[in-house]
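Below are my notes, in numbered points, to be read beside the model.

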Amino acid sequence: LDAVARVVTIVAIPHQARAATQSDQGDDAKTASPCLVIATALGMIKKIAASDLPATSKVGEVMKVNEDDRIIGAKMASGHDDLLLITALGQSIRFKEDEVRAMGTGAAGVQAIKLANVGDMVVALNVVGATLAVARAETLIITDNGMGKRVPIKEFPTQGRYGIGTTAMDLTSKAKIVSATMGEASDKVIVVTSKGARAIKFDDAPKRKRAMRGARII
């Protein structure tokens, strides 16, 4: 890595995902095939077909990122999922994955969300897909001061890409969202702080509406 690069995420690429994409033909087929979805702090989003990713043990570029921006996360998606982005200051947007076409490794992607507040940034990328029972799926949101809540995924309406979106959480004046993850009430999650890690259950956080505040969970 060069002096300014930092590892920000690790993604497991299923062997079946590469095989499925390699068997497809043409750009239209790749759009509906397994892809790596990448999001940046300033709201850019990009999809890369699994077959276009660097080979095992090879270092390669996956996205062109502006100097004032940075990658915040990456997830595997099937080609038929929804994407949910959440920002530090409580903004969110959910849109269809197929609004973003698969691109080559050197492309910069497209804008996913209009950041409404100065200094805001995307902090979480989630894939809402067939592996989740959407009727029971929830988003666990947590702030830098240990407040959190669960929000049913159905509370996040599907909209068009590159909008202002909706409120994900009401925040106190100094609090910021640091992460959000998908799951169900019976799931567990590891919360990592600067001093260590702790396992909690999803239902340790209260279940609340999108526009409400959370409660202390860690």
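**Notes on the fold and its contacts**

1. Overall make-up. The protein has 2 helices and 15 strands, where helices (H or I, at least four residues) and strands (E, at least two) are DSSP runs numbered from the N terminus. Its radius of gyration is 17 Å, close to the 17 Å that the globule rule gives for 218 residues, so the protein is as compact as a globular protein of that length. That radius is taken over C-alpha atoms, and the globule rule is 2.2 Å times the number of residues to the power 0.38.

2. Ground rules. This is a predicted model, in which local features need pLDDT of at least 70 and side-chain atom pairs count only at pLDDT 80 or more, while totals for chains, interfaces and linings use all residues. Residues are numbered from 1 along each chain as its sequence is written, and side-chain values use heavy atoms, with hydrogens and water left out.

3. Extent and burial. Along its principal axes the C-alpha trace spans about 50 × 40 × 35 Å. Buried residues make up 42% of the 218 residues; buried means under 20% relative accessible area, exposed over 50%, and partly exposed in between (1.4 Å probe, protein chains only).

4. A sheet of 4 strands has the order β3-β1-β2-β6, with antiparallel pairing; two strands pair if DSSP finds at least two bridges between them. The edge strands are β3 and β6 (110-111), each pairing on one side only. Between β2 (residues 44-49) and β6 there are 2 bridges, and these strands run antiparallel. Here I45 stands opposite V110 in β6.

5. Another open sheet. Its 4 strands come in the order β12-β8-β9-β15, again with antiparallel pairing. β12 and β15 are the edge strands, and each pairs on one side only. β8 and β12 pair in the antiparallel sense over 6 bridges, and the bridge partner of T139 in β12 is M182.

6. A hairpin to look at. β13 and β14 form a hairpin with 2 residues between them. Strand β13 (residues 188-193) is joined to strand β14 (residues 196-201) by 6 bridges, and the two run antiparallel. Within this pairing, V192 stands opposite A197 in β14.

7. Salt bridges. Side chains of opposite charge can pair when their charged atoms come close. A salt bridge here is a side-chain nitrogen of Lys or Arg within 4 Å of a carboxyl oxygen of Asp or Glu, and by this rule the count comes to 8. One of them joins E184 to R136, with the closest N and O atoms 3.2 Å apart. E184 lies in the loop between β12 (177-183) and β13, and R136 in the loop between β7 (122-128) and β8 (138-143), so the pair ties together parts that are 48 residues apart in sequence. E184 counts as buried because its relative accessibility is 17%.

8. A bridge with contrasting ends. K207 and E138 meet through their side chains in a salt bridge (3.8 Å, N to O). This pair links distant parts of the chain, with K207 in the loop between β14 and β15 (215-216) and E138 in strand β8, 69 residues apart.

9. Another loop-to-loop link. The side chains of D170 and R213 meet in a salt bridge (3.1 Å, N to O). D170 is in the loop between β11 (166-167) and β12, and R213 in the loop between β14 and β15, so the pair ties together parts that are 43 residues apart in sequence. Both count as partly exposed: D170 at 33% relative accessibility and R213 with a relative accessible area of 41%. Separately, salt bridges that share partners join D82, R94 and K96 into one network.

10. The segment before α1. V7 is found in the segment before α1 (15-22). At 65% relative accessibility, V7 counts as exposed. V7 and I72 are 65 residues apart in sequence, and their C-alpha atoms are 9.8 Å apart in space.
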